[in-house]
Amino acid sequence: MTSPTESPGPALTIITTHTNADFDAMASMLAAQKLYPDGVVIFPGSQEKNLRNFFINSMVYLFNMGDIKTIDLSRVKRLVLVDTRQPGRIGRLRELLETQGIEIHVYDHHPPMANDVKGQVEHCRVTGATVTLLTELIREQGLEVSADEATIMCLGIYEDTGSFTFPSTTEADFRAAAWLLSRGANLNIVSNLISRELGPEQIGLLNDMIQASVRYRIHGVEIVVTTVTSDSYVTDFAFLVHKMVKMENLDAIFALARMGNKIYVVARSRISEVDVGRILAPMGGGGHSYAAAASLKETTLAQAEHRLIDLLYRRVQARRMARELMSSPPITVETSVSCKEAASLLTRYNINALPVMKTEETGAGPRLAGYITRQVIEKAIYHRLESVPVAEYMNTEVAMVGPDARLEEIQEKIIENKQRLLPVVDGEVLVGVITRTDLLNVLVRRSRPEGNRFPDPMEETVQARTRNVVKFMRERMNRRLLETLKAIGETAERIDYRAYVVGGFVRDLFLYRKNEDLDIVIEGDGIAFSKEYARMVGARLHTHEKFGTAVIIFPDGFKIDVATARMEYYPFPAALPTVRMSSIKLDLFRRDFTINTLAIQLNPNRFGMLIDFFTAMRDLKEKVVRVLHSLSFVEDPTRVFRAIRFEKRFGFTIGKLTLGLIENAVRMDFFKRLSGRRVFAELRLILSEENPVPALQRLAEFRLLERLHPALDLDENKLALLTSTQNVLSWYDLLFLEESYKKWAVYFLALTRGCDPSTSAEICERFELAPRHRKLFVENRLQAERSLLWLQRERQLTASKVYRKLVSLRIELVLFMMAATELTRIKRAISQYITHLRYVRISVTGKDLKDRGLEPGPMYRQILDAVQDEKLNGKLASRKEEMAFVDRMIAS
């Protein structure tokens, strides 16, 4: 131990690698020691048992080894990292990264990651092994290596390249190994260490791994996940995983093992769709696309497996086939269609090419004759050839693919043939089309970093993200709902249709909100399906042929809405849509917001398969309301009201782009083209929310209320009244009375308070309200306001006076009055009327008066009202007292 005045010793250079070091890590440290002769080699953690035995038995003399437990880290001036750049994988030495004045030198062959250590000196390139890079530097500097050193370095290359069989092997690895062989590397030693035998404990663990393996099919790729447990650390776990890959001929495997108090994850992949290094990165792991590992603390095996499965669904690339990429059914034209009509179709559906079909005279179905592009059609129209059939100018040399064509074939045919559109045919039948944009999107997504945004679904065709949610459905749904959905899928399958439950039901399923409003979309004929299903379950049916929709009504009143998968085209802003048949993707694309585009397939062979074309699950997780395309509010301005309603109902925020589009819609005043009925339908839904006040405030922020009518704008007084209304209705709901009422009507009464009869009538006219509603919001509201004014001015306010003023009013008007008054005594009086006074009944009847000799007439009403007033005021408690009071009135 040195005294404070003594020198702390010379500066140190430390050479280290990752925990659980393998042969490449060891060989790289030896090679680094050749470049840094004064460096001290330190293992930051455990090594594989095979590696330790190798050191003990033979080559330890070659290393200038140090012990991390005894090293004085304050003396370290240079840290050399080999075979890793990840700060979380160098154990205690990580603290050196945060120490001022320390040089960091990095040598690594792994792909770069976001949190990589940055060094003053870096030699990083993707090769089969890190020692390959160091061997190149040793050769360049003319350094000599002994035969033993060459053997160790060669061992690292052989292990990390799988004896030059892994796809990550590069030309540089072969050159490095050849040079080391020329320096005396002993391949017998390399072979013995690479092909090691298994002990009884390892054989037992390998058997457990095979027995516990579960095969997942994720995006068309089969992946094996296995989990095992051991009370103590079992050596060579990574080798066991490699052995299992060979024995079972696996494309991709993720092995999780709980050993002691840590979870070890080892992954291997033979296919490009499964980049195991990228998949394990969020778990703190590192490695290559074909081999990676991670270790976890303070987590259970079940938690680790759950997190891994989630990462697999998010990060495994789909194995793309034509049937998954294509748009189906395709939008086509007949050979006889004019160029002008074809141009209209291209614009209507926002596409750039059309397959051209020819119907044979033999009666066989139409066959593909060619295709025509927007560019050709526009040129034809420019030359005044708009009436000429498309058959005259279509391209008849068309490359095609079958439904099972792989991405490589699709790419080759689109690029080599320079086709804007690639038809997908099943035999002679055109089943779909793939565009150049479709192909580009897949290729871009494969190379895009994780943090980048997904494409705009309006501008680019988006492929679905899918996962099976059957288990989640069983947990969240009651038995009747689940069985109903299964029966719908089975019925659709019988008549060769595909069925999906979509929209708000699926959204609320993942938001853990109760929603039993089933919206079913049928790829096929929705009305034909509804007739078959209604017949099977004995339900009634209402159909709407124009829109291809139906409502199935069960005997107990339970309803199911059914729609034909359709694409809507809006001829002009704010118009009602024109409908045509389409696929589920196009049907979902017509919806208002991404969060409402989720679908779950119901056919038996894919029951419970969640389909997410437009990143709806991400937006649910991020709590964002986003439109699907930039013209959404132009086509249907009522979506603005829905955006605000969803934002406030779910506690979400409106996305930045969507916010800008709302402001644009308000500025362009698209709302003036909307019918009053459509506007009021959306406003009514907002007023029916549990607490509509925040949504009304949001409408006011966008100046939407005043756009609907200037008198509806919110000021401080009206906002206070709406807040009071919300408090009153919350109180009323907690009474749990069986009496139903229209919540929205109470809020609308508050919203229009202070409007004179003329203005109130204008508002009702703007919204095209039914006569009964006009009466409520004009005549009845003014009557209620006059009654409230009288009650507030009356100094001797008795229960009977309150009753007489309120008894003729609807409950909505009474609740409005209670919210509108600022006087506590009036609120108390109205609450007493609601909870007690209106239920007070007298036992005296007209027959009692007739029995006492009174002739029927106006006197009957006077006496009965007087009796009720006395009872309301608490002066009569029994029938005997009521009859005595009647006798006194008759006598007087």
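Mentor: Gladly, and let us begin with a sheet. Strands β12, β13 and β14 form an open sheet in that order, with mixed pairing. Strands (E, at least two residues) and helices (H or I, at least four) are DSSP runs numbered from the N terminus, and two strands pair if DSSP finds at least two bridges between them.

Trainee: Which strands stand at the edges?

Mentor: β12 (333-334) and β14 (367-373) do; each has a single partner strand, so one side of each lacks a neighbour in the sheet. β14 pairs with β13 (residues 353-358) in the antiparallel sense over six bridges, and Ala353 has Thr373 in β14 as its bridge partner.

Trainee: What should I know about the model itself?

Mentor: This is a predicted model, where local features need pLDDT of at least 70 and side-chain atom pairs count only at pLDDT 80 or more, while totals for chains, interfaces and linings use all residues. Residues are numbered from 1 along each chain as its sequence is written, and side-chain values use heavy atoms, leaving out hydrogens and water.

Trainee: How do I read a pair of packed helices?

Mentor: Two packed helices are described by the angle between their axes and the distance between the axes. Axes are lines fitted to C-alpha atoms, for helices over the stretch in contact, and angles run from 0 to 180 degrees between N-to-C directions. Here, α17 (residues 479-494) and α19 (residues 526-537) pack at about 125°, with axes 10 Å apart. That makes α17 oblique to α19 (under 35 degrees is roughly parallel, over 145 roughly antiparallel, 65 to 115 roughly perpendicular, and the rest oblique).

Trainee: Which residues in α17 and α19 meet?

Mentor: From α17 come Thr484, Ala487, Ile488, Thr491, Ala492 and Arg494, and they meet Phe529, Glu532, Tyr533 and Met536 in α19. Contact means heavy atoms within 4.5 Å.

Trainee: Is Leu308 buried or exposed?

Mentor: Buried means under 20% relative accessible area, exposed over 50%, and partly exposed in between, with a 1.4 Å probe and protein chains only. Leu308 has 0%, so Leu308 is buried. This residue sits in helix α10 (residues 301-315). Apart from neighbours within four places in sequence, Leu308 contacts Val225, Phe254, Leu256, Ile279, Leu280 and Met283.

Trainee: How do β19 and β21 run relative to β22?

Mentor: β19 (residues 518-523) runs parallel to β22 (residues 559-564), joined by five bridges, with Ile520 partnered by Val562. β21 (residues 549-553) runs antiparallel to β22, also over five bridges, and Ile552 stands opposite Ile560.
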